[in-house]
Amino acid sequence: MFANIGGKDSVRLKTDNQMKRKQVAVLIYDGLCLFEFSCVAEIFGLERPEFGENWYQFHTMSLDGKPIKTQYKGNMEADLPILDWHDIDTIIVPGWTHIDQPVPKALASTLAKANTAGVRVMSICSGVFVLAAAGLLDGVAATTHWKYAETLQTRYPKIDVKNDVLFIDNEHILTSAGSAAGLDLCLHVVRKDYGNEIVNKVAKRLVIPPVRVGNQAQFIEQAVPKSKSHAIAPLLDKLRENLSLNYNNEQLAKEIHVTERTFLRRFKEATGTTPGEWLTQERIYYAKALLEQSDLSIDQVAVKSGFGTAMTLRHHFRLKMQISPQAYRKQFSKSVGL
């Protein structure tokens, strides 16, 4: 797909008669999320003469082609109205004003028509609500920031919402998780369009990893019981203070003076899961904190967090986080870069 011409940094795309320059348009709207927009602009809008003349051609597109007001009281001009999508290869929705802000019917219908005609449509973070309103996600998997996932699933039950991945690629419909995951998705698209050698050079210039695989888990904050006043809450606090101990359901039921059956029902009501799953997740949270904040070995982290052995820790950590404990430490240790 590309040819080396000259030195090691002179990787260039094929010439005009060999490939068509790809047209990327980013939707801009009143209240535009500037970080998400900047992620898109940095990948697709920045001139990259080292790749030759066939890098992406970048456009801004508003609903009616008129200027918009961004976050923080800025102003931005649009190159095109969204109705002029016919020469565009990819439309990107970088967030949305607010998840409760209605999506204009004209915007939703235009995105649906464009996608049906073969235009690739992408969203970053809350921009998924625009794609959902357009009916583009019915019957397929999609993601968004984990804090919006439950709302998205409730409003659009036909969507298979995933709240623990960085992005999802359904070929012509792509969605990313929280804001920074938009960079991962954009790099993924560059890789699809131009290959590994090009995307590695783009990532190097941005000083970010070229790959955080799409199924790597979002790093979700610790969940709390649905009702802090629930009778089971003191037991949860006690368990968190003693995660290295082993427990069984009969023992835990006796702690709150109920039958095992009643205990399991109340536990599910309070946490939304089973005692075993809850303990595993709490141990993962604690292991993450130890990996971030201590110099303990993986074996020591396994014992202190209640997993017992490094092998068991690695198994559950990979299962929940889609990353190894050691790789997690490299990314998030407080000592990194000091």
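Predicted model: local features only at pLDDT ≥ 70, side-chain atom pairs only at ≥ 80, totals over all residues.
Colleague: In which sense do strands β12 and β13 pair, and over how many bridges?

Modeller: Strands of a sheet pair through backbone hydrogen bonds, either parallel or antiparallel. Here β12 (residues 167–169) and β13 pair in the antiparallel sense over three bridges; strands are DSSP runs of E, at least two residues long, numbered from the N terminus, and two of them pair if DSSP finds at least two bridges between them. I168 stands opposite T175 in β13. The two strands form a hairpin with three residues between them, and E171 in the turn has a positive phi of about 70°.

Colleague: Which way do the side chains of β13 point, and are they buried or exposed?

Modeller: In a regular strand the side chains alternate between the two faces of the sheet. In β13 (residues 173–176), I173 and T175 point one way and L174 and S176 the other, and all are buried (under 20% relative accessible area, 1.4 Å probe, protein chains only).

Colleague: Where does β13 stand in the sheet?

Modeller: The open sheet of seven strands has mixed pairing and the order β7-β4-β3-β8-β9-β13-β12. Because β7 (80–81) and β12 stand at the edges, each with a single partner strand, one side of each lacks a neighbour in the sheet. Strand β9 (residues 120–124) pairs with β13 in the parallel sense over three bridges, and V121 has I173 as its bridge partner.

Definitions and conventions: Residues numbered from 1 in each chain as written. Heavy atoms only, no water. Buried < 20%, exposed > 50% of the residue type's maximum accessible area, 1.4 Å probe, protein only. Helix = DSSP H or I, 4+ residues; strand = E, 2+ residues; numbered from the N terminus.
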